[in-house]
Amino acid sequence: MIRARDLEKRYGRRRVLAGVDIAVPARGFAVVTGPNGSGKTTLLRVLAGLAAPTRGILEVDADRAQLGYVGHEPLVYRELTALENLDLYGRLYRVPERRERIGMLLERFGLWEARNGRVSTYSRGMTQRLALCRALLHEPELILLDEPYSALDEEGTDLLDRELEILAGARTLVVATHDPQRLARLTTARIALA
């Protein structure tokens, strides 16, 4: 699913990634680790096609329509409700039976009661849950998650744990985290950045 050899990313003279090799098979679960500033976010942005590598070889066997991405920004519209946000993304991705899928995700991530509230009134944790719903709405083959536990409370963390257990082995996942032990039982590959 993902293959990279000698991957490098520079911003001007600043090298963020250097000599990164990756091999994540279809339905694999890769965890990206490293200290702050090691390039975890940049790597996920490159894998998502949001940034181009400066050099090296990168092959990702999934087109954009089959990719789900959660980064540091939730990529939801703050002036829309959760329902309106997911309906918009569902239309863009042509999700079949989108209303049922939206309802199921909102229920699963504990947002059903808040579905008609504007996202601008949500806490950071609720917004993160909505971002996860958005990324999973179209049932992508490749899921890239950058610090997905960020801002989640204990209930949100448990919900995400359960969701990742369901997805492991059924989808290809790449998760950047400072807590790799939390995902150790699901991990099939590890990408350590220095």
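Let's start with helix α2: A82, N85, L86, D87, Y89 and G90 are buried there. Buried means under 20% relative accessible area, exposed over 50%, partly exposed in between (1.4 Å probe, protein chains only). Helices here are DSSP runs of H or I, at least four residues, and strands are runs of E, at least two, numbered from the N terminus.

A word on the source. This is a predicted model, where local features need pLDDT of at least 70, side-chain atom pairs count only at pLDDT 80 or more, and totals for chains, interfaces and linings use all residues. Residues are numbered from 1 along each chain as its sequence is written, and side-chain values use heavy atoms, with hydrogens and water left out.

Back to α2. What do its buried residues pack against? They pack against α3 and α4. Contact means heavy atoms within 4.5 Å. Now L92, also in helix α2, residues 82-92. Buried or exposed? L92 counts as exposed because its relative accessibility is 56%. Just after α2, R94 takes a positive phi of about 55 degrees.

Next, the partners. R101, L105 and L106 in α3 meet L130, C133 and L136 in α4.

Last stop: V31, in strand β3, residues 29-33. V31 has a relative accessible area of 1%, so it is buried. Which residues does V31 touch, leaving aside neighbours within four places in sequence? They are V175, T177, P180, L183, T187, A189, R190 and I191. V31 and T188 are 157 residues apart in sequence, yet 8.2 Å apart in space, C-alpha to C-alpha.
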